[in-house]
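Here's a quick briefing to read with the structure open beside you. Keep the viewer handy and follow along.

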Amino acid sequence: MDKYYTLKDLALMTGLTTRTLRNYLKMGVLKGERIEGLWKFTDEEIAEFFENPYVISGIQAKNRAIVFDFLAQNKKQDNEICTILDLHVEQEEAEEISAFFCEEVGKREEKIKLSFEKNGAYVRVILRGYEDSVMEILNKYYHLG
């Protein structure tokens with residue numbers, strides 16, 4: 001069975017709102033399939049979406065916002081980490097990385113900001129959240145590989 005991503009997964013990956021993603025669907029920039037009332041997207045559909053120049057600039061702006069907002073907060077209530085991973089990978093590995101980080105962030109109760117950007121042969125992953133949670137995800141990722 002093919003792996004499908006939901007609108008929520010795609011919002012997690014891109015940092016874009018589900019409303020923005022629905023607008024992309026209406027415009028035909030994002031392609032997917034409604035299955036049992038929910039939008040579902042294949043790896044190929046997501047890869048095509050990430051390669052659209054219009055989308056790339058929006059995702060890059062969201063990426064910068066995650067990092068700049070982190071840096072701008074001088075008085076944090078809790079310990080936080082903001083980390084950027086730039087990885088040179090093949091398409092199949094990019095899909096695995098995307099699935100891993102979406103799953104890990106999605107199953108946590110605390111809010112972790114995730115951004116995923118694929119550009120050619122490299123993938124950029126940005127994680128921001130409580131230090132324990134981000135470190136747990138990073139440790140799990142590096143111990144799987």
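What follows covers a helix contact, some strand pairing and the aromatic rings.

Bear in mind that this is a predicted model. It holds 9 aromatic pairs, and strand 6 pairs with strand 4 as well as with strand 5.

**Helix packing**
- Helix 1 (residues 7-14) packs on helix 5 (residues 91-106) at about 100°, and the axes sit 10 Å apart.
- Since angles of 65 to 115 degrees count as roughly perpendicular, that's the label for helix 1 and helix 5.
- On the helix 1 side you'll find Asp9, Leu12 and Met13, which meet Ser98, Cys102, Val105 and Gly106 of helix 5.
- Those contact residues split into 4 nonpolar, 2 polar and 1 charged.

**Strands**
- Strand 4 (residues 80-88) and strand 6 (residues 122-130) run antiparallel, joined by 9 bridges.
- Strand 5 (residues 113-119) is also antiparallel to strand 6, with 7 bridges.
- Val123 is a handy landmark in strand 6: it stands opposite Leu87 and is also the bridge partner of Lys118.

**Aromatic rings**
- Tyr24 and Phe49 have ring centres 5.4 Å apart and planes at 70°, so they pair edge-to-face.
- Tyr24 is in helix 2 (residues 18-27) and Phe49 in helix 3 (residues 43-50), so their pair ties together parts 25 residues apart in sequence.
- Tyr24 is buried at 8% relative accessibility, and so is Phe49 at 1%.
- Trp39 and Phe41 are stacked, 6.4 Å centre to centre with 10° between planes; Trp39 is partly exposed at 22%, while Phe41 is buried at 0%.
- Ring pairs link Tyr24, Phe49, Phe50, Tyr54 and Phe116 into a cluster.

Notes: Residues are numbered from 1 along each chain as its sequence is written. This is a predicted model: local features need pLDDT of at least 70, side-chain atom pairs count only at pLDDT 80 or more; totals for chains, interfaces and linings use all residues. Side-chain values use heavy atoms; hydrogens and water are left out. Axes are lines fitted to C-alpha atoms, for helices over the stretch in contact, and angles run from 0 to 180 degrees between N-to-C directions. Helices (H or I, at least four residues) and strands (E, at least two) are DSSP runs, numbered from the N terminus. Angles under 35 degrees count as roughly parallel, over 145 as roughly antiparallel, 65 to 115 as roughly perpendicular and the rest as oblique. Contact means heavy atoms within 4.5 Å. Ala, Val, Leu, Ile, Met, Phe, Trp, Tyr, Cys and Pro count as nonpolar, Asp, Glu, Lys and Arg as charged, and the others, Gly among them, as polar. Two strands pair if DSSP finds at least two bridges between them. Rings of Phe, Tyr and Trp (its six-membered ring) pair if their centres lie within 6.5 Å; planes under 30 degrees apart count as stacked, over 60 as edge-to-face and the rest as tilted. Buried means under 20% relative accessible area, exposed over 50%, partly exposed in between (1.4 Å probe, protein chains only).
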